[in-house]
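Hi,

Here's the structure I said I'd pass along. Have a look, and my notes on it follow below.

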Amino acid sequence: MRAECKRRGLGGLYLVGCVGWQDKAALEAMAKEGWDASSAYGNTWSQPAKVAMVGDYACAPYEGFVDQQEALWKFKRQLHLLPTSRRP
């Protein structure tokens, strides 16, 4: 994919995969496969204690989600796997 992007004049490719939980094996696989970074969408969040239902939607304080994402960022950083040293 990187070579094809360069061939078409795009200058390169920066690959980001979504890993929204503390999954060391998935992050190790991404590093081995050559991904450049990982993101997280919060798809496996833990429900905070304070949740209100608004229609069919669960609403919770933003701060609880920030704390969960921060824990995930720290976990990923401690692995020293991504981003790799490669740049597009």
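Starting with the surface: the chain exposes about 6,600 Å², and 56% of that comes from carbon and sulfur atoms (Shrake-Rupley areas with a 1.4 Å probe; for residues, only the protein chains shown count as cover). Do bear in mind that this is a predicted model, where local features need pLDDT of at least 70 and side-chain atom pairs count only at pLDDT 80 or more, while totals for chains, interfaces and linings use all residues. Residues are numbered from 1 along each chain as its sequence is written, and side-chain values use heavy atoms, with hydrogens and water left out.

Of the 88 residues in the chain, 22% are buried (under 20% relative accessible area with a 1.4 Å probe, protein chains only).

As for the fold, there are three helices and four strands, in the order α-β-α-β-β-β-α from the N terminus (DSSP runs: H or I of at least four residues for helices, E of at least two for strands). The radius of gyration is 17 Å, well over the 12 Å that the globule rule gives for 88 residues, so the chain is more spread out than a compact globule (taken over C-alpha atoms; the rule is 2.2 Å times the number of residues to the power 0.38). The C-alpha trace spans about 50 × 30 × 20 Å along its principal axes.

One local detail concerns helix α2, residues 24–33: at its start, a side-chain oxygen of aspartate 23 comes to within 3.2 Å of the backbone nitrogen of alanine 25. After α2 comes glycine 34, with a positive phi near 100°.

Cheers

How values were computed
Buried < 20%, exposed > 50% of the residue type's maximum accessible area, 1.4 Å probe, protein only. Polar contact = N/O pair within 3.5 Å; in protein donor to acceptor, adjacent residues only side chain to side chain.
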